[in-house]
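I opened this model to look up a few things and wrote them down as I went. The entries follow the order in which I checked them.

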Amino acid sequence: MTLLNAADVPTATPHRVPETTRADVLAFVADIARLTKPAAIHWCDGSLAEREAVLSELVAAGTIEKLNDDLRPNSYLARSDESDVARVESRTFICSESEKDAGPTNNWADPDEMRATLGGLFTESMRGRTMYVVPFLMGPVGSPVTRVGIEITDSPYVVASMGIMTRMGRIALDVIEAGADWVKAVHSVGAPLEHGEADVAWPSNPTKYITHFPETREIWSFGSAYGGNALLGKKSFALRIASAMARDEGWLAEHMMLVKVTSPEGQIAHIAAAFPSACGKTNFAMMQPTLPGWTVETLGDDIVWMWVDDDGRLRGINPEAGFFGVAPGTGMKTNPVAMQTLWGNTLFTNVARTDDGDVWWEGMSKPVPQHLTDWRGQSWTPESGTPAAHPNSRFTVAIDQCPSAASEWNDPRGVVIDAIVFGGRRSDTMPLVVEARSWEHGVYLGATMASERTAAAEGVVGELRRDPFAMAPFTGYNVGDHWSHWLHIGERLAASGTQPHIFHVNWFRRDSDGSFLWPGFGDNIRVVQWMMDRLAGRVGASDSPIGALPRLGDLTLDGLDMTIEAAHQILTVDSDEIRADARDAHNLFASVGDTVPAALMRENARTLQLCD
Ligand code: GTP
Ligand code: SPV
Ligand code: MN
C-alpha cells in the first residue's frame, strides 16, 4: 500500500489510507494537493458513516439545515449563494487543440492558455479546506459503456450530492484497481480560508471557469458549487467528455430520459427522449398515465448512453444513480411519482422552507402556505411578490427510491431502444407530435430543434434558441460532427434493420391568451400511445412538410377538457410557420459551416420544398 507523500503537503493529514495501488491515481491526488494546498485529504469510500459525517459537517458549516424528521426523514435543505444558482454557459469552455473541434455551439479556449489560467486560479485554492477524493462510476458495473472518474473537490456539498447521483466510493475505486481508465475531474469552490477565518455558508467565487479538455479527458471547474457546474459526473463528464469519447469509440452520450412503457395489451417499448433543460424529461420519466392499463417505468431522467449491440440493435443505459430534478412545478397533480420519491433521504437546494420544517415550492400544492422562509432565507408571504423557491431549485435523490423505477435501471445490458423522441418548449410552430420520415430526417429534426430558454441556465427566460439534440451546452466537440456521428450510427442500425423510429413532440403550445393548449404530464401517454401504434404499424398518419402527423381520430382524446379547435391547432402545422422555421434552421447550418452533413442540407431543402 502506497501512502500519499505527506511531506509534499505540509498541512495535510489523510483521514484514511487510500486503498489503491494505482500509481496514476496516487500521483493525481498528490499533484492536486501540491497545487491547491488543502488542510486535509479525505478519500471517499461511499459508506453510510462517511455520508453522515459529511452531512453533519455541512450542517455545522451552515451550508445545509436538517428538515423536520417527522415530515421529511433524513432530508436537508441547502441555500446557495444568490449568484450561484444555475449552470453558467458563458463560463463553460471546451479546450480542444483546434478551435474547429469545439465548433460554434461551444466557447473555445486554447488548452495551453487555459491550463496557465487554471494553474493560477487553483494555486492554494483549497487552503484551509478538506480536499475530498471522490471516485465514481457512470453506469452499472459491467456495462460495455460504463466509465469511471475521480473528482477531487473541496466542497462537502458536492461530495454529498455525488454520493446520491453516482455509484461513488469503494465500488468505483475497485473498478479502477482492476485496470480501468479513468477521467480526471478537479473542482474547487475557489474560496481558500486563512487560518482562523470564519467560513461562509456557501463558499464560491465570482470568477467561474467550467473547463473541459476532450483530448486528455480532463475537467477543471472553479468558482461554483451548483449543479452541473460542480457535480462533474453529470454534464461535464457524462455529456461533454463522454460525447467526445463516444464519437471516438462509436457510441452515443446524450441529454435524454429513458423509460419502459407497457400498453394494456402488453406491448413494451423503451423510449429515449431528448428535451432541453427544464423541458420535461424528469416528468416524462416518471409519468403516471391517465389512460387505464398503461404503465411507465423509469430508467433515467437526464442522460442516456447508447451503443450498437452484437445483434446490431441500439441499447441504452442511464449512467447516473440519482435525480437532480427541477422542484418548481412538481406536485401531486403533475408528478406524483417524484413527490413519492422525495419522501425522505433527499437533499433540496434553493427551495423554500415551511414553518414546521418541511419544504415548499411553487406548483407543489394549493393552497399556498401563508408563511415561508424563501430560498434566500428571508421571511416570505404570498404578498411578497417574489418566488419562494428559486425557479431552478432542485431535489437530489437516489433512483432506487423511485416507486416507478424499472427493475432494469441497474442492468449492465441496458435496454433495446425502440423510439427516440426530440422535443422543445415552443409556444407556436411545432405540433404536439410528428414522426420523422426516415432516420436522416429524424436527425434533421434533432439537429434543428429549438426551445424557449428556461431558468436552468443563465440567459433571458423565454427567448427562442436552437438547441440541437438538447445538447447545445453539452456536446464536447463540433456540433456538425455530432450530427454526422448520428447519421453514421443510423447506418450501422440500418444494416441490422433495427433503426428506432424518431419523433418530435411539443407539450408547450400556447393559446393566444398564453395558456397551454395541451394538458401535458400524465396525458402525454396519449401521444406515447400513438407512437407505439406507429411502432406496431397499427395506425396511419397524414403527411406534412415536417413528417407524419396523427389525424384527429388517431389520438385518444376522450376525457380531455379540450375543444376540437384546440386539438386541431396542436395536431396541424402551418406551412408559413414551418417555412420560416426551416429558413432559420438554414441560418444555423450556415453558421455551423462545412461540418454540416450533406444529408441534413438535403432534408432542409426538402422541408422548404414541401412547404410550397
Ligand atoms: P433538467 O433537469 O433541467 O434537464 O429538466 P427536465 O427536462 O428534466 O425538466 P422537468 O421534467 O424537470 O420539467 C421542467 C418544468 O417543466 C417543470 O416545471 C415541469 O412542471 C414542467 N413540465 C414538465 N412536463 C410538462 C408538460 O407535459 N406540460 C407542461 N405544461 N409542463 C411540463
Ligand atoms: C440541466 O440543466 O439540464 C440539468 C441541471 O440537468 S444541471 O445538472 O445543473 O445541468
Ligand atoms: Mn438536464
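**Entry 1: domain 1 against domain 3**

I began at the interface of domain 1 and domain 3, where the rule finds 2 residue pairs in polar contact, both at pLDDT 80 or more. I note that helix H5, residues 156-165, gives the most to the side of domain 1 that touches domain 3, with 5 residues. The model is a predicted one, and I read every entry with that in mind.

Next I looked for salt bridges between domain 1 and domain 3, and the count is 0. I then took the area: the two domains bury about 820 Å² between them. Carbon and sulfur atoms carry 72% of that area.

Domain 1 is 13-62 + 88-250, domain 2 is 253-322 + 408-611, and domain 3 is 323-398. Domain 1 puts 8 residues into its contact with domain 3, and domain 3 puts in 11. Over C-alpha atoms, the centres of domain 1 and domain 3 are 28 Å apart.

**Entry 2: helix H6**

I turned to helix H6, residues 170-177. Its buried residues include Ala172, Leu173 and Ile176. Why do they sit on the same side of H6? They cover an arc of only 100 degrees around the axis, and that puts them there. The general rule is that an α-helix has 3.6 residues a turn, so residues three or four places apart point the same way.

I then asked what covers the buried residues of H6. The cover includes helix H1 (23-36) and strand S1 (40-43). It also includes strands S6 (130-138), S7 (147-153), S8 (167-168) and S9 (182-188). Just after H6, I found Gly179 with a positive phi of about 115 degrees.

**Entry 3: Asn283**

I looked up Asn283 in helix H9, residues 281-285. Is Asn283 buried or partly exposed? Its relative accessible area is 23%, so I list Asn283 as partly exposed. Leaving aside neighbours within four places in sequence, Asn283 is in contact with Thr334, Asn335 and Phe521. With Asn335 there is a polar contact between side chains, at 3.5 Å. I also checked Gly329: it is 46 residues from Asn283 in sequence, and the C-alpha atoms are 9.8 Å apart.

**Entry 4: Ser143**

I went to the loop between S6 and S7, where Ser143 is found. Ser143 has a relative accessible area of 8%, so it counts as buried. Which residues does Ser143 touch, not counting those up to four places away in sequence? I found Trp307, Ile317 and Pro412.

**Entry 5: salt bridges**

How many salt bridges does the structure hold? I have 37.

The side chains of Glu89 and Arg465 meet at 3.1 Å, N to O. This pair links distant parts of the chain, 376 residues apart. Glu89 is in the loop between strand S3 (76-78) and strand S4 (92-94), while Arg465 is in strand S29, residues 464-466. Glu89 counts as buried, at 14% relative accessibility.

The second pair is Arg115 with Glu218, in a salt bridge of 3.2 Å, N to O. Arg115 lies in helix H4 (residues 111-122) and Glu218 in strand S11 (residues 218-222), so the pair ties together parts 103 residues apart in sequence. Arg115 is partly exposed at 33% relative accessible area, whereas Glu218 is buried at 10%.

Asp248 lies in helix H8 (residues 233-249) and Arg217 in the loop between strand S10 (209-213) and S11, so parts 31 residues apart in sequence are tied together. I list Asp248 as partly exposed, with a relative accessible area of 47%.

Last, I traced the network of salt bridges. It links Lys234, Lys235, Lys281, Asp302 and Glu320.

How values were computed
Residues are numbered from 1 along each chain as its sequence is written. Chains are lettered from A and ligands numbered from 1 in the order in which they are written. This is a predicted model: local features need pLDDT of at least 70, side-chain atom pairs count only at pLDDT 80 or more; totals for chains, interfaces and linings use all residues. Side-chain values use heavy atoms; hydrogens and water are left out. Buried means under 20% relative accessible area, exposed over 50%, partly exposed in between (1.4 Å probe, protein chains only). Helices (H or I, at least four residues) and strands (E, at least two) are DSSP runs, numbered from the N terminus. The arc is that of the directions from the helix axis to the C-beta atoms. Contact means heavy atoms within 4.5 Å. Domain bounds come from an automatic or database domain assignment. Buried area is the accessible area (1.4 Å probe) that two parts lose on being put together, summed over both. A salt bridge is a side-chain nitrogen of Lys or Arg within 4 Å of a carboxyl oxygen of Asp or Glu. A polar contact is a pair of N or O atoms within 3.5 Å; within protein, one must be able to donate a hydrogen and the other to accept it, and residues adjacent in sequence count only if both atoms are side-chain atoms.
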